[in-house]
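Please find below a colleague's note on the structure.

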Amino acid sequence: MQSLLKKARNIKMLVLDVDGVLSNGQIIYDANGVETKTFNVQDGFGMKRLQEFGIKIAIITGRNSQIVANRAKELGVDFLVQGREDKIVALSELLENLNIGLTECAYMGDDLPDIKALQAVGFAATVPNAHSEVIKRVDMITTRNGGEGAVREVCDIILKATDNYDKMLAKYAD
C-alpha cells in the first residue's frame, strides 16, 4: 500500500478508458439499434471528489458514444477524447498544452490499446478482468471490475496519496 501511495503522490490528472473501466465492457443494443451502457455511481462520486481537490479528469476512448459524452458532461469531466485507439498519442496531445507531465498522470485501462499509456504515466491501474498483458504492466489492480466501482478505488488511493482523503471524509463523517 505504501508503494502505491508513493507512486500516486504527485498525480494531477486521472485518465480513464471507458469500456471495461468506467463501464463493465458490455455494449447493449436494443431492437432499434440504440446503444446502452451502465455506469457506477460510486465511480462518479470518486471522480467528483478528485476534482474538488484540483485533480483533473480525462477520458480517452477508442469508440465514439453519445452516452459517454453525456456521462462526461454530467460529471464535469475536464477532457473527453473519443474515437482514439492510439491512446498514448491522444494522451500526449492532450497534455501538450497543459502544465501536466506524463509522470503526474494516473491512467486506468484494461486492454491492449491502453498499454503504452499505462507504461508512460506515473501511476497505472487496471481491473482484475483486464487482458493479462495489461495486468503485467500496472502498479495497481483493483479488487472490483470495471463498471462496479473500480475507478472509485483508484480515486480513493489518489486522495490518500495527496493527503486529501481525510479532508474529503470529514465532510461526511465525524
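The numbered points below discuss this predicted model.

1. Strand β1 (residues 13-16) runs parallel to β6 and is joined to it by 4 bridges. Within this pairing, Leu16 stands opposite Met108.

2. Strand β7 (residues 123-126) also pairs with β6 in the parallel sense, over 3 bridges. Here the bridge partner of Met108 is Ala125. Between β6 and β7 the chain passes through helix α5 (residues 115-120), in a right-handed β-α-β crossover.

3. The structure holds 16 salt bridges. One of them joins the side chains of Asp19 and Lys37, at 2.4 Å from N to O. Asp19 lies in the loop between β1 and β2 (28-29) and Lys37 in the loop between β3 (35-36) and α2 (41-52), so this pair ties together parts that are 18 residues apart in sequence.

4. Within helix α2, Glu52 and Arg49 are 3 residues apart, about one turn of the helix. Their side chains meet in a salt bridge of 2.7 Å, N to O. Glu52 is partly exposed, with a relative accessible area of 40%, whereas Arg49 is buried at 10%.

5. A further salt bridge links Asp86 and Arg84, whose closest N and O atoms are 2.8 Å apart. Asp86 is partly exposed, with a relative accessible area of 31%.

Methods
Residues numbered from 1 in each chain as written. Predicted model: local features only at pLDDT ≥ 70, side-chain atom pairs only at ≥ 80, totals over all residues. Heavy atoms only, no water. Pairing = 2+ DSSP bridges. Helix = DSSP H or I, 4+ residues; strand = E, 2+ residues; numbered from the N terminus. Right-handed = clockwise from strand over helix to strand, strands pointing away. Salt bridge = Lys/Arg side-chain N within 4 Å of Asp/Glu carboxyl O. Buried < 20%, exposed > 50% of the residue type's maximum accessible area, 1.4 Å probe, protein only.
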